[in-house]
Amino acid sequence: MVKDLEWLKQCIPLLEYLQRHNWRPCRAGSRQEFIGLCPLHQETRPSFYVNAAKNLFYCHGCGRGGDLIRFVQLFLDLPFRQSVAHLEQQLMPAPASQLLEQTVALYQLQLHRHPEATRYLEQRGLRDPAVIEELGIGYAPGGNLRRHLTAQGYSLELLLDAGLINNHGRDTFCRRVIFPCREHDQIVNLYGRTIGTAFPHRLLPRSKGGLFAWESVSRFSNVILVEGLFDLAVLWQAGFRNTTCAIGTQLTPAHLVQLSDQPGRSVYIVFDQDENQAGQRAAHQLVPRLETAGVAARIVRLPAGHDPNSYFLAGATAADFTHCLEQARPL
Ligand SMILES: [Zn+2]
């Protein structure tokens, strides 16, 4: 294990990993030392040091430091084992990514064969076949994935490693609507929303990747940030293609780096207007983090009890939603 970790860190040098995630050193010190803004906390004066020879980082601002794996843990908010898995996946993206592509292709086919799935999408107000297709939405009925994938030559071990089946050989996703999460044209995770009574949300045990559909949303200078993928889907359907989602209300430092990749960007946060105020609390905590990252943030208020999905289901139009966006003021 330890030997493997050393090998992993040699294969993906820390500096290279940072640069792949848009980190740019402002200046170089002596002996392979690079200094820049810390990707882990918001700052205006560079205090993040990378020693390329030792493959280590240290931030004098937030006091955190370590090796590549430690960095991934902090940057993507992942536990140790999942950080290692994330890095391994970067080294051998081909089989794992192909496996997920095949899985999604099967789930997409199943969507049209299972009326309970299309009925569920209709209930959530999602009708436009073009949007369903574009988002790659599928359906996991359960009970057929293992046979389908092993028949194509994928090993049981790979399926287990990917988290697609559990230790009993059963499908992880069962009776769930599936959204593939893509990053740089590769599927990095799958989000499954139950149509039954199981726990609503499920992801594979790996990084959920960057902001959803960021490749297409990043060209906009005004961006709408929602909590859930059904919120995103109904907003896309209503023409708001500048909508993205971090699947939940917690944004990682990596998400903040994405949102600040264009100067002068405004982010409209439209989290759930739920009774326990969790969405609103998260929105208020997010605003200062965005502003220190140079992003103008506004909190959008929907009528009480609504999220974007339920708002449209209740009959709201694109004009109504635009009105809510216009009412949003900076804090
Ligand atoms: Zn820092």
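Buried means under 20% relative accessible area, exposed over 50%, and partly exposed in between, using a 1.4 Å probe and protein chains only. This is a predicted model, where local features need pLDDT of at least 70 and side-chain atom pairs count only at pLDDT 80 or more, while totals for chains, interfaces and linings use all residues. Residues are numbered from 1 along each chain as its sequence is written, and side-chain values use heavy atoms, with hydrogens and water left out.

Start by selecting Arg-182, which is partly exposed at 38%. Its side chain meets that of Glu-101 in a salt bridge (3.1 Å, N to O); the term asks for a side-chain nitrogen of Lys or Arg within 4 Å of a carboxyl oxygen of Asp or Glu. Glu-101 sits in helix α5 (residues 93-111) and Arg-182 in strand β7 (residues 176-183), so the pair ties together parts 81 residues apart in sequence. Helices (H or I, at least four residues) and strands (E, at least two) are DSSP runs, numbered from the N terminus.

Asp-261 is partly exposed at 38%, whereas Arg-265 is buried at 1%.

Now for the rings: select Tyr-120 and Phe-230. Their centres are 5.8 Å apart and their planes at 80°, so the pair is edge-to-face. Rings of Phe, Tyr and Trp (its six-membered ring) pair if their centres lie within 6.5 Å; planes under 30 degrees apart count as stacked, over 60 as edge-to-face and the rest as tilted. Tyr-120 is buried at 9%, and Phe-230 is buried at 4%.
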